[in-house]
Amino acid sequence: MVLYSSENTNPLKGGSLNLMELFLQFGHGMKALTLDLSKKWDKTSVILSPRDMAPTQLKTWSIEFQKAGVQCYFDPQCYCPKSELKRLSQYSYWDSNLNTKLQQNNTPIDQQIQEIKNCNDIAKSVAYILPSILNNYDSSWANRFLRQTKRIIDSGHKYMNDKPLLATLTFPKDFLVQNENTIEPVLQAILDLDVDGFYIIAEALDRKYLADNPMWLSNVLHICATLKISGKKIVFGYGNHQLLPLALLRTDAMASGSWLNVRSFTNRFIDTDEQKRKSTWVYYPEALSEYKLSFMDWAFNHGHLASMKSKDKDFLDEGISKIFQSSAPPSATGFNETDAFKHYLCCLKHQVSLLNRPSYQETLDSYEMLLVTAEREIERLEKCGVYAQTRSFRDVIDVNRAAVTQLKRSHGFSLKMSWDSL
């Protein structure tokens, strides 16, 4: 499926996109994965992570990505300026006092912006992503957030005028569960910001991979819909399959990656043990759920594995095919962590493409059917004793239904009109 004409190879330059694209959110160990996927996908875009590459690697890896035809973005990842992560602190723009400087009107941040531009030049990025800080939500958060964002944008305009400019909007989890009276004034102020678009970062609830609060998801969709309808470009960072309804908005892109810390924004870029090797999880797209390899073995031993093979061949990449073509249990087929990551991202990309329908109503119908199918498949497998445990979509299906219902009420007419006008 061709997403862009040859005259507009930059996905964030020019007119509105007709389709949502899946970007790669670069994370630990994703260099080889990115290059491999670039061979399989017609177009590949990656949001580079200084947390996961040293400055010298930014230079050498960016050259490899460019040769492979991968379009690069550079996220400065200043969400937690006090972070002492080794790689982040090696970058020349890194300043542990950035939060303080942004609160002091007479303290310039131009040097940091210029250094971030240099990183973008090295990466040959197709758009600038401005930095943002994740501050805890309290009564003064909105004023502080808007003041800091405006200062960053003002500095960005001085040095970043040759590419589309994306302001990063980093929303703390407690803000995203507030009522409309709290959300709206902030959203209206954002609409006045002078940028081409926004890179949306939504902090996950209580470090949960899948949000179990409909307010969180509803507000995320409301914010993105309002900005998209206003004509702004929207890239949603650190996404996963629960955010597929972003396609209803014609969101320009959602980014996702391998480990959970690049599928859900949780750790605020401080030292954690996120990268400890854990169980290998296998994504079953029809159920919107992931299953441990041990439960795939269970399904194999009890004659249920074949029923988890998708009828859509585009979900059957090389890695997952090893499981279904073998006469051995899945854990004995050689299917590994890398296969699981690749399978998840290939499935997610195909699910995005399946939701890129010609009209808003067709996209809505397709998404609602996706939820119905997932509900049925989860129930069917559980009756067979096959459980997705902590990565089951069962408990969040109604969360997504509630959020989409509210989206229809708040923005359905405007979204339909915006689709019809394209």
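1. Helix α11 gives the largest share of the lining of the largest pocket, namely three residues. Helices here are DSSP runs of H or I with at least four residues, numbered from the N terminus. The structure is a predicted model, in which local features need pLDDT of at least 70 and side-chain atom pairs count only at pLDDT 80 or more, while totals for chains, interfaces and linings use all residues. Residues are numbered from 1 along each chain as its sequence is written, and side-chain values use heavy atoms, with hydrogens and water left out.

2. The lining of the largest pocket divides into eight nonpolar, nine polar and 14 charged residues, where Ala, Val, Leu, Ile, Met, Phe, Trp, Tyr, Cys and Pro count as nonpolar, Asp, Glu, Lys and Arg as charged, and the others, Gly among them, as polar.

3. Helix α11 (residues 337-355) also packs with helix α1 (residues 31-40), at an angle of about 45 degrees and with the axes 11 Å apart; axes are lines fitted to C-alpha atoms, for helices over the stretch in contact, and angles run from 0 to 180 degrees between N-to-C directions. In this pairing, Leu33, Asp36, Leu37 and Lys40 of α1 meet Phe341, Lys342, Leu345 and Cys346 of α11, contact meaning heavy atoms within 4.5 Å. By class, the residues of this contact are five nonpolar, no polar and three charged.

4. The axes of helix α12 (residues 360-383) and helix α13 (residues 397-420) come within 10 Å and cross at roughly 170 degrees. The two helices are therefore roughly antiparallel to each other, a term for angles over 145 degrees. Their contact has 11 nonpolar, three polar and five charged residues.

Key:
Parallel < 35°, antiparallel > 145°, perpendicular 65-115°, else oblique.
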